[in-house]
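Okay, everyone, let's get going.

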Amino acid sequence: MKVVVIGGGIVGLSSAHALASRGGDVTVCEKRSLGSASTARSAGGIRSQFSTPVNIDLSIESVVVWESFEERFGVDIGYRRAGYLFLARSEARAEALEDGVRLQTDRGVPSEFLEAPDIARYNSHVDADSFVGGTYSPGDGFADPHLASQGYATACADAGVEIRTNTAVIDILTDADGDSVVGVETEDGRLEADFVVNAAGPWAGRVASMAGLELPIVPKRRQIAIVSPEKAVPADVPFTIDLESGTYYRPERDGDALIGGHGAEVATRDDAQANPDSYCKSADFEWIANALETISGWTTCFGPETRVKRGWAGLYAVTPDDHAIVEETVPGFVTAGGFSGHGFQHAPATGKLVAELIFDGEPSLVDPSALSSERFETGDGRIERNVV
Ligand SMILES: Cc1cc2nc3c(=O)[nH]c(=O)nc-3n(C[C@H](O)[C@H](O)[C@H](O)COP(=O)(O)OP(=O)(O)OC[C@H]3O[C@@H](n4cnc5c(N)ncnc54)[C@H](O)[C@@H]3O)c2cc1C
């Protein structure tokens with residue numbers, strides 16, 4: 001089975017590896033360098049605290065790989081299981097979080113709902129008076145996306161994947177009827193294939209349009225900064241998220257913290273529909289100031305002596321319901337995109353799904369309709385609520 005994967009981010013690499021492991025003859029076309037787009041700009045968060053069955057299942061399947069990554073691929077990805085702590089300021093949001101915990105625990109995720117006074121058990125720096133409740137899972141954490149990409153890239157090479165960097169796909173080839181995809185046109189010539197996988201991250205909508213398809217995947221700019229807080233953030237503090245303001249922080253090395261967020265309180269420009277070829281990759285000074293001010297409103301670490309070390313912006317690729325599209329969109333053309341803020345962590349399960357779609361015709365891991373683009377026409381999709 002000949003497969004061309006478009007995109008050498010974490011999703012393309014995981015898919016290529018899963019396909020080659022099942023005997024596929026796989027070529028990855030990456031227009032720049034491996035893992036250099038959204039994957040390099042991620043916060044590296046890995047969690048099972050999602051609000052829909054499909055996202056929880058993708059996490060459970062992926063965590064198995066993240067936990068054993070070094071054994072499987074020989075690379076230590078710095079996986080730290082400090083947990084995730086979600087915080088709710090309103091009763092309605094707390095109830096929604098509690099519903100999510102029911103769904104998660106039914107599937108074996110060790111998450112728990114917390115009344116406000118219990119929040120301090122997991123993060124004593126949070127101003128518990130600002131919140132009515134929260135949820136925590138000790139199984140969640142974060143890892144280094146660069147190291148994970150490297151691990152997958154090496155594993156791909158070992159499994160016989162041909163990796164072509166600096167090779168942009170400029171067109172998708174179809175058969176004479178125009179019904180089936182039969183290969184790609186690159187800057188260096190044609191590649192015929194039984195299947196083409198669109199793993200182009202924020203460019204996925206554009207790549208789909210090369211095949212005459214319209215997919216609702218839109219790039220949105222998101223920002224992150226690394227700061228040296230006034231009060232060091234200990235390594236065991238969870239990835240802590242205020243869902244209301246959309247702001248979050250997690251420990252980095254040596255007491256530093258990574259901060260992020262994009263809610264109305266911190267936004268500095270309209271970051272929707274960013275152009276992936278020309279968006280501003282630096283963090284805005286005003287955004288950093290707003291984010292620090294907002295986060296210091298609900299936690300005690302980020303006083304006025306906090307120093308900003310560096311910051312950057314990257315792109316989420318979002319769909320209207322914050323769930324990915326993973327499907328054979330037309331014969332021979334598999335889409336794996338639109339992961340919002342959870343494409344890094346869901347990459348291992350996605351690779352497996354892509355390989356199942358191509359070798360078995362349908363995925364065994366999850367309900368295929370939940371990740372099909374048809375859901376936007378039928379209105380059957382569910383919105384993921386636990387997103388920042
Ligand atoms: C600020 C920020 C924080 C995030 N935090 C998290 C987090 O904590 N946890 C998490 O799970 N996710 C997080 N994400 C999301 C995560 O980074 C993405 O979902 C994930 O990296 C998507 O991987 P990908 O391989 O689909 O896309 P990418 O890494 O963008 O890879 C797509 C690749 O396709 C290539 N490409 C595009 N068009 C073509 C073409 N025509 N020909 C050849 N190659 C092409 C690009 O060059 C690129 O390398 C975050 C994202 C951002 C921006």
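This is a predicted model: local features need pLDDT of at least 70, side-chain atom pairs count only at pLDDT 80 or more; totals for chains, interfaces and linings use all residues.

So, S12 pairs with strand S19, residues 333-337, through three bridges, and the two run parallel. Strands here are DSSP E runs of at least two residues, helices are H or I runs of at least four, and both are numbered from the N terminus. Two strands count as paired if DSSP finds at least two bridges between them. Facing valine 197 across that pairing, in S19, is valine 334.

Residues are numbered from 1 along each chain as its sequence is written, and side-chain values use heavy atoms, with hydrogens and water left out.

Back to S12, residues 195-198. Is it covered on its faces, or open? Both faces are covered: Phe195 and Val197 on one side are buried, and so are Val196 and Asn198 on the other. By buried I mean under 20% relative accessible area, exposed is over 50%, and partly exposed is in between, with a 1.4 Å probe and protein chains only.

S12 also pairs with strand S1, residues 2-6, by four bridges, again parallel. The bridge partner of isoleucine 6 in S12 is asparagine 198. S1 itself is largely enclosed by the rest of the structure, because four of its five residues are buried. And S1 has a parallel pairing with strand S2, residues 25-29, over five bridges; there, valine 4 is partnered with threonine 27.

Now the ligand. How many residues surround it? We get 38, and the closest are Glu30, Thr39, Gly45, Val169 and Gln345. A residue is near a molecule if one of its heavy atoms lies within 4 Å of it. By class, that shell has 18 nonpolar, 16 polar and four charged residues. The classes go like this: Ala, Val, Leu, Ile, Met, Phe, Trp, Tyr, Cys and Pro are nonpolar, Asp, Glu, Lys and Arg are charged, and the others, Gly among them, are polar.

Where does the shell come from? Helix H1 (10-21), strand S13 (218-228) and strand S17 (307-318) each give at least two residues, and the largest share, three residues, is from S17. In domain terms, at least three residues come from each of domain 1 (2-64 + 145-215 + 320-378) and domain 3 (218-318). Those bounds come from an automatic or database domain assignment.

Let's look at some backbone contacts with the ligand's oxygen atoms. Serine 38 has a polar backbone atom 3.1 Å from one, glycine 343 has a backbone N or O atom 3.0 Å from one, and for glutamine 345 the distance from a polar backbone atom is 2.8 Å. As for cover, the ligand on its own exposes 1,000 Å², and the protein buries 97% of that. Those areas are Shrake-Rupley with a 1.4 Å probe, and for residues only the protein chains shown count as cover.

Most residues other than glycine have a negative phi. Aspartate 254 isn't a glycine, yet its phi is positive, about 55°. You'll find aspartate 254 in the loop between strand S15 (247-251) and strand S16 (257-261), and with a relative accessible area of 78% it's exposed. Serine 340 also has a positive phi, near 55°. Serine 340 sits in the loop between S19 and helix H8 (347-360). Is serine 340 buried or exposed? Buried, because its relative accessibility is 9%.

Last stop, helix H4, residues 91-106, where alanine 92 lies. Alanine 92 counts as exposed, at 54% relative accessibility. What does the side chain of glutamine 104 reach? The backbone oxygen of phenylalanine 50, at 2.7 Å.

That's my tour, so over to you.

How values were computed: A polar contact is a pair of N or O atoms within 3.5 Å; within protein, one must be able to donate a hydrogen and the other to accept it, and residues adjacent in sequence count only if both atoms are side-chain atoms.
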